[in-house]
Amino acid sequence: MVITEPILVAESLPTIELDLLRADNEMENKRLLSVCQNYGFFYLNMTSDPELCQLWEDMLSIMKEYFEQPLDIKMQDARNDDNFGYEPMGTEEGPKPKTRDGYESLKFSRREYLKNSTDLTTSIRTKSTPFFNFINQAHTITLLILSRLSTQLGLTGPSRFETYHADPGPSTSTLGILRYPKHEAGISEPTSVGHNQHTDVGTLTFLLAAQWGLQYCSPQTKRWEFIEPRAGHAIINVGDSLRFPSGGELASVVHRVVPLKETQEEDRYSIAYFLRPNDDVTFRDATGKMWSAKEWHDFKFDVFKSPSTLDAKGRFLTGMMLEEERGRWVGVAGEGGVAVAV
Ligand SMILES: O=C(O)CCC(=O)C(=O)O
Ligand SMILES: [Fe+2]
């Protein structure tokens, strides 16, 4: 077995109602802030938006068709880039020593969305409309969340979180569609498994996943807990590029993907919109070091590929969320709230 821990489920993960956020409901806005401070992860109930739920279905059927193609066809879409194009399995370290990751992905960047055309060459190029529609929806909703958080934190003018995500960027924001292929029957120690533990590089991640596999390291119990997939619900999480500018106030929580049982018994699909700040936005990490959003992104992607050589203590992989670093935050939260320079 790859991960030998008991199966725990995140029973108390809160749900935020999209329609209440849209209606600017004060109670829900307050809950949103508290959830981002204490959990860093939450369900977003989207059942009030049937079109968005239908889009999820539409994307899933195109994804299944795409990933079923032979590797050499998919490799025609490889661009050797972290934010657009196809990436085969195994480009990053896996969740256990001597394993590599167990997912392949195709990315549509926000840059492509803004010019309304994609760099892809295979037939998926002609089917990109639902993905562009989803970028539009997920971007609007994540900016709404940022706006509600900014107001709750009393941020004004250029320090409001949403302002440093303004179009046209440039930014590394992107939509990733992922498949974790099932392991062949009879394999007991697969070498390509899940997704290594990490915090997200960017601001907010908007995830649609209808199958089990995602775990977060609960800030309450300090244990790995599976996040149950729920129909009509997205899973939203705070990333480093929101934790750092908030002076550590908002939690960018460590998570990973592992098979629920011994091996991956079915193909698992996930869809993730990664909202990230514009490239030239700067913030301080938990040790006080200043980064531009682009520098943090590029550095952390190198770490994802080889954490054991670039990040032996796991500080960068886990967004400095390790206990000792949480305790000695040196950001400037006390000096007016936010350490953002635009
Ligand atoms: O596939 C998933 O469910 C999560 C993926 C993830 O955490 C990521 O790509 O950052
Ligand atoms: Fe992630």
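Q: How far does a polar side-chain atom of D200 lie from an oxygen atom of ligand 1?
A: The model is predicted. D200 belongs to the residues that surround ligand 1. A polar contact requires N or O atoms within 3.5 Å. The distance from the polar side-chain atom of D200 to a ligand oxygen is 3.1 Å.

Q: Which residue has a polar side-chain atom 2.9 Å from an oxygen atom of ligand 1?
A: H198 places a polar side-chain atom 3.0 Å from a ligand oxygen. For D200 the distance is 3.1 Å. The residue at 2.9 Å is R268.

Q: What percentage of the area that ligand 1 exposes when taken alone does the protein bury?
A: The shell around ligand 1 includes L178, Y180, H195 and F274. R268 also reaches an oxygen atom of the ligand, at 2.9 Å. Taken alone, ligand 1 exposes 290 Å², and the share buried by the protein is 93%.

Q: In which space does ligand 1 sit?
A: Start with the residues. L178, H195, H198, D200 and F274 are among those that surround ligand 1. These five also lie nearest the centre of one cavity, which is lined by 25 residues. The space taken by ligand 1 is the largest cavity.

Q: Which element gives the most to the shell around ligand 1?
A: The space of ligand 1 is the largest cavity. The top contribution is 3 residues, and it comes from β12.

Q: What is the volume of the largest cavity?
A: The count of cavities of 30 Å³ or more comes to 5. The largest of them holds ligand 1. Its volume is about 370 Å³.

Q: Which element gives the most to the lining of the largest cavity?
A: The lining has 25 residues. Elements that give two or more are β4 (104–109), β5, β6, β7 (204–209), β11, β12 and α8. With 4 residues, the leading element is β12.

Q: How many nonpolar residues are in the lining of the largest cavity?
A: L178 and F274 are among the residues nearest the cavity centre. Both Leu and Phe count as nonpolar. The lining also holds 7 polar and 7 charged residues, and its nonpolar count is 11.

Q: Which element supplies the largest share of the lining of the largest pocket?
A: This pocket contains about 340 Å³ of space. Its lining has 22 residues, and N80, D81, D82, N83 and F84 lie nearest the centre. β3 (85–87), α5 (110–115) and α8 (293–305) each supply at least two. The largest share is 4 residues, from α8.

Q: How many charged residues line the largest pocket?
A: D81 and D82 are among the residues nearest its centre. Asp counts as charged. Beside 4 nonpolar and 8 polar residues, the charged ones number 10.

Q: Which elements each supply at least two residues of the lining of the second largest pocket?
A: The volume here is about 270 Å³. Of 18 lining residues, E93, G94, N196, P307 and L317 are closest to the centre. By class, the lining has 6 nonpolar, 7 polar and 5 charged residues. The elements asked for are β6 and α9 (307–310).

How values were computed. Residues numbered from 1 in each chain as written. Chains lettered and ligands numbered in written order. Predicted model: local features only at pLDDT ≥ 70, side-chain atom pairs only at ≥ 80, totals over all residues. Heavy atoms only, no water. Near = heavy atom within 4 Å. Polar contact = N/O pair within 3.5 Å; in protein donor to acceptor, adjacent residues only side chain to side chain. Areas by Shrake-Rupley, 256 points an atom, 1.4 Å probe, with all protein chains shown as cover. 1 Å grid on protein atoms, 1.4 Å probe; cavity = no way out; pocket = protein on both sides within 12 Å on 5 of 7 lines; lining within 4 Å. Sits in = over half its atoms within 2 Å of the grid points. Points joined across faces, edges and corners; volume = space filled by probe spheres on them.
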